[in-house]
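Open the model in your viewer and keep the selection tool ready. We will go stop by stop.

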Amino acid sequence: MSPREIVVVSGKGGTGKTTLTACFAALAEGPRIMADADVDAPNLELLLSPRETEKRPFFGMEVAHVDAARCTGCGECERFCRFRAISVRDGKAEVDSGFCEGCGGCLLVCPEACISKEKFQRGVLRRGETDFGSMWYARLTPGGENSGMLVALLRKEAKREAVERGVSLLLVDGPPGVGCPVISSLTGADFAVLVTEPSRSALSDLRRVISLCTMLSVPFGIAVNRWDLSKEMTSAIRAACDEEGWSFLGAVPFSEKTARAVNEGRIPVKEIGDPLRELWRAILEKGREH
Ligand code: SF4
Ligand code: SF4
């Protein structure tokens with residue numbers, strides 16, 4: 001049986017999404033598996049402290065590679081590549097792997113047949129054990145591409161383990177924003193928790209991530225973190241939920257104690273208290289409806 005996959009996302013960084021995900025991991029009952037899909041800047045491990053059990057290299061798509069010894073510097077490849085990924089410098093062609101789309105066209109036009117396609121490591125995929133269950137996490141090498149591919153692989157591995165072990169809950173900490181890694185995190189998920197904060201810019205980012213969920217047909221609900229920092233904006237978010245028919249899951253207040261716990265690497269379940277438990281209950285209830 002496939003696990004119920006709940007993905008926690010936010011339209012922007014800094015909303016406290018990862019802290020709330022760690023709290024949900026601690027609050028959940030029964031076997032669960034966690035995954036940190038923010039492969040550009042993974043932080044869930046700072047709170048869940050996984051003890052590493054597995055580590056694998058991640059290879060993205062194949063990109064062009066030039067055998068410099070045989071390259072004559074004729075420039076055919078450079079003229080062909082519309083992605084400007086290959087250029088001749090000092091008489092030799094060089095590939096900028098960040099721009100190479102792996103189309104293979106330059107291999108066909110090279111008169112010396114000295115271009116091949118090669119895989120190279122773009123990141124690392126890990127598995128570990130936490131106090132609440134196993135966790136999958138990954139890190140892209142700085143400047144590495146294919147973050148969407150790495151997120152997809154991470155989710156696939158976490159899901160595979162859940163199916164094999166009969167674990168019914170998969171909790172994913174998604175990346176911020178609305179780009180490729182977020183799409184990769186949300187596609188096919190059972191429910192998305194959209195964490196926002198009470199500010200005008202957060203509401204506009206929230207609308208963008210809602211459009212994404214709608215486009216991907218992923219049911220979602222909204223949680224406001226640090227709601228008391230602007231009661232006015234929290235009311236505006238609630239009013240938008242009523243007006244648009246979005247599901248409002250709950251709100252969590254700000255507290256110095258919570259901030260201190262997070263800074264010390266502790267999961268602030270006790271510090272946030274009842275509002276957190278109510279939020280988690282609402283997530284489970286809403287999630288079950290879909
Ligand atoms: S494989 Fe395609 S994208 Fe990459 S350098 Fe060659 S022509 Fe350009
Ligand atoms: S087409 Fe081949 S030989 Fe010519 S510059 Fe490119 S890699 Fe070198």
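A crossing of two helices is left-handed if the near helix is turned anticlockwise from the far one by less than a right angle, and right-handed if clockwise. Keep that for the first stop. Note also that this is a predicted model.

Select residues 200-215, helix α7, and residues 231-244, helix α8. Their axes come within 10 Å and cross at roughly 25°. Angles under 35 degrees count as roughly parallel, so α7 is roughly parallel to α8. The crossing of α7 past α8 is right-handed.

Now show the side chains at this contact. From α7, pick Arg200, Leu203, Leu206 and Arg207. From α8, pick Met233, Ile237, Ala240 and Glu244. Five of the contact residues are nonpolar, three are charged and none is polar.

Zoom out and colour by domain. Domain 1 takes two segments, 4-59 and 122-289, in the domain assignment. Domain 2 is 63-118. The centres of domain 1 and domain 2, taken over C-alpha atoms, are 41 Å apart.

Next, go to ligand 1. Around ligand 1, select Ala64, Phe80, Cys81, Phe83, Ala85, Ile86, Cys100, Glu101, Gly102, Cys103, Gly104 and Cys106. This shell has nine nonpolar residues, two polar and one charged.

Last stop: ligand 2. Which residues are closest to ligand 2? They are Cys71, Cys74, Gly75, Cys77 and Cys110, out of 14 residues that surround ligand 2. The shell around ligand 2 divides into nine nonpolar, three polar and two charged residues.

Conventions
Residues numbered from 1 in each chain as written. Chains lettered and ligands numbered in written order. Predicted model: local features only at pLDDT ≥ 70, side-chain atom pairs only at ≥ 80, totals over all residues. Heavy atoms only, no water. Near = heavy atom within 4 Å. Nonpolar A, V, L, I, M, F, W, Y, C, P; charged D, E, K, R; others polar. Axes fitted to C-alpha atoms, helices over the stretch in contact; angles between N-to-C directions. Helix = DSSP H or I, 4+ residues; strand = E, 2+ residues; numbered from the N terminus. Parallel < 35°, antiparallel > 145°, perpendicular 65-115°, else oblique. Contact = heavy atoms within 4.5 Å. Domains from an automatic or database assignment.
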